[in-house]
Amino acid sequence: MVTDAGGIDVATASGGRYGPDIHAIYDDWAAFRAAAADFSSDDAFALDVSALGSPVPSPRQVFAIGLNYRSHAEESGMEPPSVPATFTKFPASLTGPFATVELTGDTVDWEVELVAVIGARADRVAEDDAWSHVAGLTVGQDISDRTLQFAAAGQFSLGKSCRGYGPIGPWLVTADELPDPDDLALGCAVNGETLQEDRTSGLIFSVPRLIAELSAVLPLLSGDVIFTGTPAGVGFSRRPPRFLRPGDVLESWIEGIGTTRIHLAAPDD
Ligand code: ZN
């Protein structure tokens with residue numbers, strides 16, 4: 001747990017009740033939050049942020065939404081959808097916020113996204129009640145191999161699920177820590193050059209709306225992950241198109257949450 005005093009080891013602070021399995025915490029989220037309010041910071045330590053892994057290492061379900069900002073639908077030449085355009089990133093593609101990720105070819109693209117993590121199971125949840133089912137928010141990259149994504153008449157799930165193509169982090173922030181969790185600046189940069197910049201208030205389907213829509217179809221389970229979609233500025237819509245190259249550093253940030261930093265490598269590095 002990250003606090004103003006430094007890092008707190010949850011397993012130690014909770015006397016072994018929680019940790020080290022993060023997903024057991026999501027299964028008991030409300031009780032964990034109540035207990036965490038009383039954790040002592042006496043044993044807080046200087047946190048080596050670069051050593052952090054994913055705050056959600058192995059979710060049971062990962063939902064991802066395409067064309068969820070008007071600006072990105074326009075640059076993709078697509079009509080904004082009337083229902084969320086949903087696919088999955090297979091869970092084994094997720095990685096941590098400071099990982100080195102091997103490129104799978106020369107058409108690999110960036111997509112900064114707000115990521116919501118489910119706390120309390122959500123089954124047929126109303127939009128007005130949806131935030132109470134969210135454990136917190138984090139920063140994600142929906143890295144996409146455009147060649148694989150558009151092969152075979154379109155296979156979004158596979159083309160966005162290569163090894164390491166779902167970095168998230170650097171940590172989870174609860175919604176109450178954000179002035180307005182529905183309006184956060186987000187962006188990403190390659191080698192220091194900003195390529196995407198927008199606000200999550202531009203989402204066509206907001207976080208609570210997505211939870212209502214998805215949970216009308218199937219239950220969302222504790223620790224599940226929702227990649228909410230990317231704004232304009234991706235590489236394949238640029239003229240000429242631009243893609244990630246070995247040696248590139250991809251930084252992604254969301255206001256009030258933090259910044260991830262991914263190093264891209266050639267497959268044989
Ligand atoms: Zn995406």
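What spacing do the donors of the zinc ion follow along the chain? They follow E-x1-E-x28-D.

This is a predicted model, where local features need pLDDT of at least 70 and side-chain atom pairs count only at pLDDT 80 or more, while totals for chains, interfaces and linings use all residues. Numbering starts from 1 along each chain as its sequence is written, and side-chain values use heavy atoms, with hydrogens and water left out.

**Select the zinc ion.** Glu111 (OE), Glu113 (OE) and Asp142 (OD) coordinate the zinc ion at 1.9 to 2.1 Å. Donors here are N, O and S atoms within 2.8 Å of the metal (3.2 Å for Na, K and Ca); water is not among the atoms, so the site may look incomplete.

**Select Glu111 and Asp142.** Glu111 sits in the loop between strand S7 (108-109) and strand S8 (112-118), and Asp142 in the loop between strand S9 (134-141) and strand S10 (144-145), so the pair ties together parts 31 residues apart in sequence. Both Glu111 and Asp142 are buried (under 20% relative accessible area, 1.4 Å probe, protein chains only).

**Colour by secondary structure.** Look for 7 helices and 16 strands. These are DSSP runs: H or I of at least four residues for helices, E of at least two for strands.

**Zoom out to the chain.** The C-alpha trace spans about 55 × 45 × 30 Å along its principal axes. Of the 269 residues, 50% count as buried.

**Select the charges.** There are 17 positive and 38 negative side chains, with Lys and Arg as positive, Asp and Glu as negative, and His and the chain ends not counted.

Methods
Charge placed at Lys NZ, Arg CZ, Asp CG, Glu CD.
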